[in-house]
Amino acid sequence: MSKTVKLNEHIYNLLIVMNFDHFTANELVDALDNVEMVNIDRSKLIKLVYRQIRMLESKKYLKKSDEKRARSTIYFKSPTFDNQIFVPNPCKLSSKGKVASDCDNHCLKSFFYLLSKEKIELEAEKAITLREMDKYRELLNRYPQERDFIKPFYSDAREQATNIQGSLEAVKKLLQHYPTNANVCD
């Protein structure tokens with residue numbers, strides 16, 4: 001079994017959670033710069049991205065196009081990348097042993113950001129499931145003689161919609177009541 005590879009959690013969110021592929025270094029920097037949860041100076045962000053890309057490239061997880069100019073080089077995931085297990089690198093401790101406040105804010109915003117993303121995904125799943133239910137209902141009306149065949153599919157879709165709605169309500173409730181001044185890094 002292959003050893004896990006730690007990635008900076010910002011890079012992890014882009015490459016693993018959001019599944020970035022076929023990108024330039026500048027696209028990664030811009031994507032991170034546009035995410036509200038990232039409170040890093042742009043020059044440090046550029047260094048972070050290039051360090052992570054170099055590390056992934058040296059381990060053969062990323063390959064690059066044959067562009068001559070560094071800014072237009074396109075990086076893409078190799079087959080080795082897909083077979084590797086990556087984990088987000090957790091917040092680092094400051095020299096005094098306390099978690100830095102920027103790191104606290106990042107972790108909290110990262111949780112909020114990922115929860116918001118999950119809410120969007122659940123809403124999309126719910127919409128698809130509701131359309132599926134509508135189609136089964138339409139087919140039941142059009143082909144009443146096939147009721148015994150279609151009804152279990154309709155019931156499954158209705159149960160799935162109920163489960164998705166429950167998950168969606170839980171996530172919405174968490175987002176609504178999320179503390180804006182908490183200082184915990186999970």
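Here is a walk through this structure, from its overall make-up to a few individual residues.

Keep in mind from the start that this is a predicted model. The protein chain has an average pLDDT of 79, and 78% of the residues score at least 70. Among the elements of the protein chain, helix α6 has the highest confidence, with a mean of 93, while helix α5 (residues 101–142) has the lowest, with a mean of 79.

Now for the overall layout. The protein chain holds six helices and four strands, and along the sequence they come in the pattern β-α-α-α-β-β-α-β-α-α. Of its 186 residues, 32% count as buried. If you take the contacts with a separation of 6 or more, 65% of them are between residues 24 or more positions apart.

Helix α1 is mostly covered, as seven of its nine residues are buried. These are Glu9, His10, Ile11, Tyr12, Asn13, Leu14 and Leu15. How do α1 and α2 meet? Two packed helices are described by the angle between their axes and the distance between the axes. On the α1 side the contact is made by His10, Ile11, Leu14 and Leu15, and on the α2 side by Leu28, Ala31 and Leu32. Six of these residues are nonpolar, one is polar and none is charged.

Asn19 lies in the loop between α1 and α2, and its phi is near 55 degrees, a positive value in a residue other than glycine. Most residues other than glycine have a negative phi, and most peptide bonds are trans. Asn19 counts as exposed because its relative accessibility is 52%, and the cut-off for exposed is over 50%. A second case is Lys60, which has a positive phi of about 70 degrees although it is not a glycine. Lys60 sits in the loop between α3 (42–58) and β2 (62–64), and with a relative accessible area of 58% it is exposed too.

Helix α3 also contains Ser43. Ser43 is partly exposed, with a relative accessible area of 40%. From C-alpha to C-alpha, Ser43 and Val29 are 9.6 Å apart in space, and they are 14 residues apart in sequence.

Is Leu62 buried or exposed? At 2% relative accessibility, it counts as buried. Beyond its neighbours within four places in sequence, Leu62 is in contact with Phe23, Ile53, Leu56, Glu57, Tyr75, Phe76, Lys77 and Ser78. The C-alpha atom of Leu62 is also separated by 8.9 Å from that of Pro79, 17 residues away along the chain.

Leu114 lies in α5 and is partly exposed, with a relative accessible area of 30%. Not counting residues up to four places away in sequence, Leu114 touches Asn13 and Val17. Leu114 and Asn13 are 101 residues apart in sequence, yet their C-alpha atoms are 8.9 Å apart in space.

We finish with helix α6, which runs over residues 147–176. The buried residues of α6 are Ile150, Tyr154, Ala157, Ala161, Ile164, Leu168, Val171 and Leu175. An α-helix has 3.6 residues a turn, so residues three or four places apart point the same way. With that in mind, you can trace the buried residues of α6 from Ile150 to Leu175 in the model.

Conventions: Residues are numbered from 1 along each chain as its sequence is written. This is a predicted model: local features need pLDDT of at least 70, side-chain atom pairs count only at pLDDT 80 or more; totals for chains, interfaces and linings use all residues. Side-chain values use heavy atoms; hydrogens and water are left out. Helices (H or I, at least four residues) and strands (E, at least two) are DSSP runs, numbered from the N terminus. The expected span of a helix is 1.5 Å times one less than its number of residues. Buried means under 20% relative accessible area, exposed over 50%, partly exposed in between (1.4 Å probe, protein chains only). Contact means heavy atoms within 4.5 Å. Ala, Val, Leu, Ile, Met, Phe, Trp, Tyr, Cys and Pro count as nonpolar, Asp, Glu, Lys and Arg as charged, and the others, Gly among them, as polar. pLDDT is the predictor's confidence in each residue, from 0 to 100.
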